[in-house]
Amino acid sequence: MKLLPALAAATLVMSGAGYAQQTAQSSSSTPTTGDVSASTRGGGSSTPDSVEVSGGADAAATNGGAATTDSRAKFNDNNAHQRSVATARDDDERARSMTNTHVRKDGQVRSRSMSIYKERGEKPVIDRQTSVSGK
């Protein structure tokens with residue numbers, strides 16, 4: 001069995017307008033009943049003096065399948081961004097999960113997650129989560 005975890009976290013301190021702390025987080029995962037599974041999570045917060053994002057990804061595949069994860073965080077002058085992706089596959093199953101979190105200097109925090117699981121000959125199972133806070 002392959003199990004791949006990935007984590008990303010970052011914090012940037014800056015001055016800004018006065019507002020209360022804003023936070024948002026989301027996560028999504030595929031069903032774990034088959035040979036493959038994938039899950040991601042992410043969140044962020046913004047205060048008048050700082051922005052922060054964090055997240056991670058997990059993927060697992062058995063019976064000769066393959067699993068990959070990637071999780072990154074980056075900043076520019078006005079925003080913080082976090083992205084996590086997990087994929088797993090074998091001969092007849094596919095699992096993919098993605099989470100994107102954006103934190104703006106003005107206090108808006110948005111986190112979106114989506115996962116999809118597809119077994120050959122069956123309809124895909126899709127899960128979507130969104131969380132928004134602030135302006």
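Two notes before you start. The model is predicted, so to speak of local features we need pLDDT of at least 70, side-chain atom pairs count only at pLDDT 80 or more, and totals for chains, interfaces and linings use all residues. Residues are numbered from 1 along each chain as its sequence is written, and side-chain values use heavy atoms, with hydrogens and water left out.

**Exercise 1. Find out how many helices and strands the protein chain has.**

Step 1: Count them up, and you get 0 helices and 9 strands. Read from the N terminus, the order is β-β-β-β-β-β-β-β-β.
Step 2: Check the burial too. Of the 135 residues in the protein chain, 39% are buried (buried is under 20% relative accessible area, exposed is over 50%, partly exposed is in between, with a 1.4 Å probe and protein chains only).

**Exercise 2. Work out which residues form the largest nonpolar core.**

Step 1: Look for buried Ala, Val, Leu, Ile, Met, Phe, Trp, Tyr and Cys residues joined through side-chain atoms within 4.5 Å, as that is what a nonpolar core is.
Step 2: List the 10 residues of the largest one: Val36, Ala38, Ala57, Ala59, Ala61, Ala67, Ala86, Ala88, Ala95 and Tyr117.
Step 3: Trace them back to their elements. Strand 3 (36-46), strand 4 (50-61) and strand 6 (79-89) each give at least two residues to this core, and strand 4 gives the most, with 3 residues.
Step 4: Now spot another core lying apart from it, with 6 residues, including Ala24, Val51, Ala80 and Val103.

**Exercise 3. Track down the salt bridges and say how many there are.**

Step 1: Search for a side-chain nitrogen of Lys or Arg within 4 Å of a carboxyl oxygen of Asp or Glu. That rule gives 3 salt bridges.
Step 2: Take aspartate 58 and arginine 41, whose side chains meet at 3.1 Å, N to O. This pair links distant parts of the chain: aspartate 58 sits in strand 4 and arginine 41 in strand 3, 17 residues apart.
Step 3: Move on to aspartate 70 and arginine 72, at 2.7 Å, N to O. Aspartate 70 is partly exposed at 26% relative accessibility, while arginine 72 is exposed at 56%.
Step 4: Finish with arginine 104 and aspartate 106, where the closest N and O atoms are 2.5 Å apart.

**Exercise 4. Say where asparagine 63 is placed and what its phi is near.**

Step 1: Find asparagine 63 in the loop between strand 4 and strand 5 (66-75).
Step 2: Read its phi, which is near 55° and so positive in a residue other than glycine. Most residues other than glycine have a negative phi.
Step 3: Check exposure: asparagine 63 is exposed, at 65% relative accessibility.

**Exercise 5. Name the residues that form a negative surface patch.**

Step 1: Keep residues with over 30% relative accessible area and no salt bridge; like charges are joined within 9 Å, nonpolar side chains (Val, Leu, Ile, Met, Phe, Trp, Tyr) within 5 Å. Areas are Shrake-Rupley with a 1.4 Å probe, and for residues only the protein chains shown count as cover. Lys and Arg are positive, Asp and Glu negative, with His and chain ends not counted; charges sit at NZ of Lys, CZ of Arg, CG of Asp or CD of Glu.
Step 2: The patch is Asp91, Asp92, Glu119 and Glu122.

Notes. Helix = DSSP H or I, 4+ residues; strand = E, 2+ residues; numbered from the N terminus.
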